[in-house]
Each structure stands twice: as structure tokens, then as C-alpha cells.
Amino acid sequence: QALDFVSYLPVSIPGIALGLALLWGYLATPGLSQLYGTHWILLIAYMTVTLPFAIRTVSAAMLQIDPELEEASRMHGAGLWTTWRRVLLPLMRPGLVGAWTLLFILVVREVGASVLLSTSDTVVLSVLVIEHWNSGVLGLVAAMSCYMVAVIGAAATGLVRFHCARVSESAAEQIRAGLVARRQRGRAARRRQGVIRRCPMS
């Protein structure tokens, strides 16, 4: 619970304050001031901002997995890596895809930390929109805003299609399993009828 509480602290910190804290922290720390002006400090800021959402999404996907599946895999001789790769990861794939899509959307529209941490060499799209807005180039602002909306919409559409495909595959598997079970019940019923007919009358 303590780790869960700590992981949610960035949600309560505004993006401007977080960017200012990272800026002061890395500029005041010897050896780390070289990170300013690079893509690494932006990556650290984005990871810090999106960490709570990633943890919550992945933890929700993991809670849906029955621990008995992992125990059954261990009982059949599978190691930790094999269990993770063959059992847990396929079951967590929809949650992981949703988490990555959510993080991508949050990073694309993030402004607070990017304004303070980006430079002329590491400028991002959201900062460019603000700069052109201040310069009065409204046509370019509208074009870049439409591009951002299109990128976010494409990511959300891809996520919806992925989940619809997963639901369709699951429904198809259930239908096939139902047909197989119906055929097996029909064969068993015919066998019972054949046995009753062959039995002598008392």
C-alpha cells in the first residue's frame, strides 16, 4: 500500500511544478546537469507523469489473472521465465496494449513539463503549438492541432479494433467449444441408445 501511495504522488503535482522540480534538481546536481537539453530529461519527466496511470492499468490486468494458472504452470515443471512468457504475458497483453496506448496519448498532449524542459534541439509538438500561438501563426497552430487530434484518434481507434478483435476471437472460440460439446453430447446419447437396443428384454 505504501508503494501504491508513493506511485500516485505525481498525480497530485501539476506538470509545471514537476517540470520545475526536475529542472532545478538536475541543474543543481553535479554530473546530472548535462541531461538538460537532451531527450533523456524529457523521457524521465514523461515517465514520472504517466507512472500512476501505467501502474493502475497493468495492476488491473494482473488482478484478473487467477493465481492458480501460475501454480499449475509451476506444477508442470515450467520455470519463472517460462511461466511469465507462456502464461502471464499472453493474458496480460490486452492490458499492456491499453496501458501503452493511454501513455502515448498522455505524452502527446503533455504541456506543463515539456514547456520547462524542452529546448530548441528537443522541442516537442505541444510546445511548438504554444510557440506558434504566441507568434500569431494561427493557421499553423490549427494544422498542428488537427495533426495531434488525428494521431490521438488513430491510437484510440487502433486500441478499440484490437479489443474488438480479441472479443471476436473469444466469442468464436466459445462458439467452437459449444459446437464441439454439442457434438460430443450427441455422440454419447447415440451410444447410450445403441447400448439399450442391444440389451436383451427381461
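The points cover the basis of the note, the fold, the pocket and the surface patch.

1. The model is predicted: local features need pLDDT of at least 70, side-chain atom pairs count only at pLDDT 80 or more, and totals for chains, interfaces and linings use all residues. Residues are numbered from 1 along each chain as its sequence is written, and side-chain values use heavy atoms, with hydrogens and water left out.

2. The protein chain contains eight helices and zero strands; helices are DSSP runs of H or I with at least four residues, strands runs of E with at least two, numbered from the N terminus. Of its 202 residues, 22% count as buried (under 20% relative accessible area, 1.4 Å probe, protein chains only).

3. The largest pocket has a volume of about 310 Å³. A pocket is an open set of points on a 1 Å grid over the protein atoms alone, where a 1.4 Å probe fits, with protein on both sides within 12 Å along at least five of seven lines; lining residues have an atom within 4 Å of a point. Helix α3 gives the largest share of this lining, seven residues, and the lining residues include Y46, T50, W100 and F104. By class, eleven are nonpolar, one is polar and none is charged.

4. M62, W81, W84 and L89 make a nonpolar surface patch of about 420 Å². Patch residues have over 30% relative accessible area and no salt bridge, and nonpolar side chains are joined within 5 Å. Helix α5 (residues 80-108) gives the most, three residues, while M62 lies in helix α3 (residues 39-63).

Notes
Patch = residues over 30% accessible without salt bridge, like charges linked within 9 Å, V, L, I, M, F, W, Y side chains within 5 Å. Areas by Shrake-Rupley, 256 points an atom, 1.4 Å probe, with all protein chains shown as cover. Salt bridge = Lys/Arg side-chain N within 4 Å of Asp/Glu carboxyl O. Points joined across faces, edges and corners; volume = space filled by probe spheres on them. Nonpolar A, V, L, I, M, F, W, Y, C, P; charged D, E, K, R; others polar. Buried < 20%, exposed > 50% of the residue type's maximum accessible area, 1.4 Å probe, protein only.
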